[in-house]
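Good morning, and thank you for making time for this presentation. Please keep the sequence and the model in view while I speak.

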Amino acid sequence: MTGTPTRVLVLNSGSSSVKYQLLDMRDGDRLAQGLVERIGEETSRLAHTPLLGGAKRERTGPIPDHAAALKAVAEELAADGLGLDSPELAAIGHRVVHGGLRFTEPTVIDEEVIAEIERLVPVAPLHNPANLIGIRTAMALRPDLPQVAVFDTAFHTTMPEAAARYAIDVETADAHRIRRYGFHGTSHAYVSRATAKLLGKEPGEVNVIVLHLGNGASASAVRGGRCVDTSMGLTPLEGLVMGTRSGDIDPAVTFHLKRVAGMSTDEIDVLLNKRSGLVGLCGDNDMREIRRRIDAGDERAALAFDVYVHRLKKYIGAYYAVLGRVDAVAFTAGVGENAAPVREAAIAGLEELGLAVDAGLNAVRSDEPRIISPEYARVAVAVVPTDEELEIARQSYALVSG
């Protein structure tokens with residue numbers, strides 16, 4: 001091999017899982033991808049897919065920790081001639097959920113960066129520790145290679161103070177880093193730019209409302225390529241109704257549950273994060289199953305869908321007001337890309353705002369970015385598949401290649 005290394009390995013480390021993709025940045029091609037899940041259990045599983053030929057492979061059995069998981073990933077990549085020792089590898093890019101206010105750009109990881117990510121653990125207790133495990137493990141495997149952190153919160157650091165501040169005592173807020181940070185930033189960044197491209201314009205010319213609707217869900221208002229508001233806040237709990245999270249709720253509900261129901265802080269945390277949202281309303285957080293139940297006449301499923309869409313419609317209207325002019329509303333992520341009834345219901349009734357959905361276009365299933373609004377609509381409604389791994393790889397490669 002001659003010339004500049006062009007490959008980036010993207011790692012997304014969870015508490016008991018590692019998702020990975022290897023990309024060649026000359027053309028953005030994926031060379032391999034996979035998932036290690038149930039790390040630390042007897043039933044661990046690694047699913048690996050070489051994307052330039054070859055069959056998907058699986059291995060099962062105990063994978064005790066993240067070090068063993070990444071070693072197994074390295075072995076699978078090596079079997080395809082794509083090992084971590086390859087001179088073509090330019091960097092390893094890591095998804096890090098919370099970067100606070102300090103990290104507004106992708107950052108080469110050193111001990112100081114690690115220390116700051118650790119300091120942010122209290123505001124991201126479920127995510128940052130797992131991200132750190134993946135970082136430390138990868139650094140041990142390739143200490144000579146640039147490791148880059150790409151932060152979920154970075155895209156939202158352009159929010160004005162009026163959007164980012166909570167209306168609480170300033171000294172208390174500053175002492176404990178309490179403000180709105182937002183999440184899913186790599187997805188919102190990718191989709192807002194891809195939507196501009198779909199419209200044949202530059203990102204700086206376009207105002208977009210991005211709706212990232214997966215099991216976790218968030219909305220953002222993007223003016224000229226910069227985020228000016230987003231629905232998630234200090235944590236990923238705020239905002240839209242999600243699969244298991246409540247989204248927006250009167251803070252006094254927590255006081256009420258503590259005083260009247262005798263629930264502990266931890267129990268309320270579990271309630272709002274894991275037993276609320278769609279699953280709390282109807283027992284299911286899979287939109288496909290909810291729609292099946294609605295078609296069968298299930299009233300609880302219908303209520304869950306209506307609550308979900310009502311909140312979504314409110315945020316579309318609010319962000320329309322924040323932006324003043326909207327060029328497009330873009331749906332993305334698992335539900336946003338695949339649930340046509342959600343898109344139809346969310347836009348219904350907003351015709352006076354220039355929004356409409358063409359039933360035929362909305363029903364089409366495709367992996368390509370596409371417009372689903374009729375030609376007469378003043379504001380485009382789009383479905384834009386997200387690609388967070390490609391966004392992380394692009395940002396990482398741009399940093400290390402200068």
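I begin with a definition: a residue is called buried under 20% relative accessible area, exposed over 50%, and partly exposed in between, using a 1.4 Å probe and protein chains only. By that scale Arg-177 is partly exposed, with a relative accessible area of 33%.

A word on the basis of what follows. This is a predicted model, in which local features need pLDDT of at least 70 and side-chain atom pairs count only at pLDDT 80 or more, while totals for chains, interfaces and linings use all residues. Residues are numbered from 1 along each chain as its sequence is written, and side-chain values use heavy atoms, with hydrogens and water left out. Helices (H or I, at least four residues) and strands (E, at least two) are DSSP runs, numbered from the N terminus.

Let me stay with Arg-177 for a moment. Arg-177 sits in the loop between α5 (170-175) and α6, and has a positive phi of about 55° although it is not a glycine. Arg-38 also deserves attention: its phi is near 60°, a positive value in a residue other than glycine. Arg-38 belongs to the loop between β3 (29-37) and β4 (45-50), and with a relative accessible area of 30% Arg-38 is partly exposed.

I turn now to the sheets. Two strands are taken to pair if DSSP finds at least two bridges between them. In what order do the six strands of the open sheet stand? The order is β11-β10-β9-β12-β14-β13, and the pairing is mixed.

Axes here are lines fitted to C-alpha atoms, for helices over the stretch in contact, and angles run from 0 to 180 degrees between N-to-C directions. Contact means heavy atoms within 4.5 Å. Helix α6 (residues 185-198) lies across β9 (207-213), β10 (217-223), β12, β13 and β14, and runs at about 130° to β9.

Next comes strand β8 (residues 147-151). Five of its five residues are buried, so β8 is largely enclosed by the rest of the structure. Which residues cover each side? Gln-147, Ala-149 and Phe-151 are buried on one side, and Val-148 and Val-150 on the other. In a regular strand the side chains alternate between the two faces of the sheet. Strand β6 (residues 89-96) pairs with β8 in the parallel sense over five bridges, with Gln-147 as the bridge partner of Ile-92. Strand β7 (residues 107-108) runs antiparallel to β8 and is joined to it by two bridges; there Val-108 stands opposite Val-148.

For the helix pair, consider helix α2 (residues 111-119) and helix α3 (residues 128-141), whose axes come within 9 Å and cross at roughly 160°. That makes α2 roughly antiparallel to α3, as angles under 35 degrees count as roughly parallel, over 145 as roughly antiparallel, 65 to 115 as roughly perpendicular and the rest as oblique. On the α2 side, Ile-114, Ile-117 and Glu-118 meet Asn-128, Leu-132, Ile-135, Arg-136 and Met-139 of α3.

I close with two buried residues. Gln-21 lies in strand β2 (residues 17-24) and is buried, with a relative accessible area of 10%. Among the residues that Gln-21 touches, not counting those up to four places away in sequence, are Val-8, Val-10, Arg-30 and Glu-389. Ser-246 lies in the loop between β11 and α7 (252-259), and at 11% relative accessibility Ser-246 counts as buried. With the exclusion of residues up to four places away in sequence, Ser-246 touches residues including Leu-237, Leu-272, Gly-277 and Arg-311.
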